[in-house]
Amino acid sequence: MGAPMRIVCVAGARPNYMKIKPVMDALEARGADVVLVHTGQHYDESMNDVFFRDLGIRPPDRFLGIGSGSHAEQTGRVMAAFEPLLDEVAPDAVVVVGDINSTLACALVTAKAGPLLAHVEAGLRSRDWGMPEEVNRVATDRVSDYLLASSPDAADNLRAEGYREDQIHLVGNVMIDTLFGNLDRARQSDVLARHGLSRGGYGLVTLHRPANVDDPEVLTGLLKALGEIAGRCPLLLPVHPRAAGRLAELGVPGGITLIPPAGYLDFIALQDSARVVLTDSGGVQEETTALGVPCVTLRDNTERPITVEQGTNVLAGRDPQRIVSTVHAVLDSPPEPRRPALWDGHASDRIAAVLLDGGTAAQRLRPTDLSEG
């Protein structure tokens, strides 16, 4: 027996934690030596501690403490901090998840340093080049050895872009592994009682995308729409730090209750019991689909079209009238719950098998090699 494979797992912000935890668990269960690196791209101590505690994530082995900044500053700082760490740890492979600046930064450093690179959630495409996440996804995929796709459309996107079959692995959705692993605990939360809510008696709203919260005109229109909807179904809005100041300036219509950001278990409980969820978050589109809860997405596009085709998600765009009419239609006739194949709670086991049985950097074709034969 040789030494166990050493694998660095990178997380940088809350959306990453739910994706990296099951992958770490599955790798460790198969004997890998896992090093958890937290870049600190989003870091709010109270939120961070709650998420780590809720998910049972061990403290990171390394914390880079990058903090916020422009896209270039953040990406550059993560690269500068991650490069010496990678040189010291000398892993066989690095796993990055999702589409944030830390994902791209660590992917670029890894590609130049030589270890194998695996991208969890590869192949998702919104077709919106104005979204920084779209640029991060595309560039990360290009330098990755393992493209771990969560849905068939993502694998199809990768094939259309010319990736080799040996790079593409349809593994399912790790977010759903975490959701199913924690659902019983979430359902024991007292969060509904704390906010005076009953199951099916409210709508849940999340807003965080710059396109929705940074432009006062857009946000005013969204709030007007939410105010109309709240006349029929009271709304609960956990306030993302990004939106808090703007909402305070503009004022929130009656029927909408603002609450502080929720921890992971509380937020799952709030989604699970909601009559409808209105969101601009990719992860929430997936979680509501897995839970069978109607979701209305306040965006013009989605990089998760499978949640619309095979889930409970409806794309409403950002026009206030269209949002109101879409939500009324969903409340009148909720979509049938449907869950995509491989969203079964075992995606991380499939990922661990790919990484641990896939050979070393010296044995594998690398990203720009041509297929053999």
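Predicted model: local features only at pLDDT ≥ 70, side-chain atom pairs only at ≥ 80, totals over all residues.
Which side-chain oxygen reaches to the backbone nitrogen of Glu217 at the start of H10? Residues are numbered from 1 along each chain as its sequence is written, and side-chain values use heavy atoms, with hydrogens and water left out.

**View 1. Helix H10 and its start.** A side-chain oxygen of Asp215 comes to within 2.9 Å of the backbone nitrogen of Glu217. Helix H10 covers residues 216-230; helices (H or I, at least four residues) and strands (E, at least two) are DSSP runs, numbered from the N terminus. Its 15 residues reach 20 Å from the first C-alpha to the last, close to the 21 Å expected at 1.5 Å a residue, where the expected span is 1.5 Å times one less than the number of residues. Buried residues in H10 include Leu219, Leu222, Leu223, Leu226 and Ile229; buried means under 20% relative accessible area, exposed over 50%, and partly exposed in between (1.4 Å probe, protein chains only).

View 2. The structure holds three aromatic pairs. Rings of Phe, Tyr and Trp (its six-membered ring) pair if their centres lie within 6.5 Å, with planes under 30 degrees apart counted as stacked, over 60 as edge-to-face and the rest as tilted. Tyr17 and Phe51 have ring centres 6.2 Å apart and planes at 65°, so this pair is edge-to-face. Because Tyr17 lies in helix H1 (residues 14-29) and Phe51 in helix H2 (residues 45-55), the pair ties together parts that are 34 residues apart in sequence. Tyr17 counts as buried at 0% relative accessibility, and Phe51 is buried with a relative accessible area of 7%. For Tyr17 and Phe52 the centres lie 4.9 Å apart and the planes stand at 75°, so this pair is edge-to-face. Phe52 also belongs to helix H2, so its pair with Tyr17 in H1 ties together parts that are 35 residues apart in sequence. Ring pairs link Tyr17, Phe51, Phe52 and Tyr264 into a cluster.

**View 3. Strand E6 between its partners.** Both faces of strand E6 (residues 146-149) are covered, with Tyr146 and Leu148 buried on one side and Leu147 and Ala149 buried on the other. Strand E5 (residues 116-120) pairs with E6 in the parallel sense over three bridges; two strands pair if DSSP finds at least two bridges between them. Val120 stands opposite Leu148 in E6. From E5 the chain crosses through helix H5 (residues 132-142) to E6 in a right-handed β-α-β crossover; right-handed means that, with the strands pointing away from the viewer, the path from the first strand over the helix to the second runs clockwise. E6 is also joined to strand E7 (residues 168-170) by three bridges, and the two run parallel. Ala149 has Leu170 in E7 as its bridge partner. The crossover from E6 through helix H6 (residues 152-160) to E7 is right-handed.

**View 4. An open sheet of six strands.** The order is E10-E9-E8-E11-E12-E13, with parallel pairing. Strands E10 (256-259) and E13 (313-315) are the edges, each pairing on one side only. Within the sheet, E11 (residues 276-279) and E12 (residues 295-297) pair over three bridges, and Thr279 has Thr297 in E12 as its bridge partner.

Methods
Polar contact = N/O pair within 3.5 Å; in protein donor to acceptor, adjacent residues only side chain to side chain.
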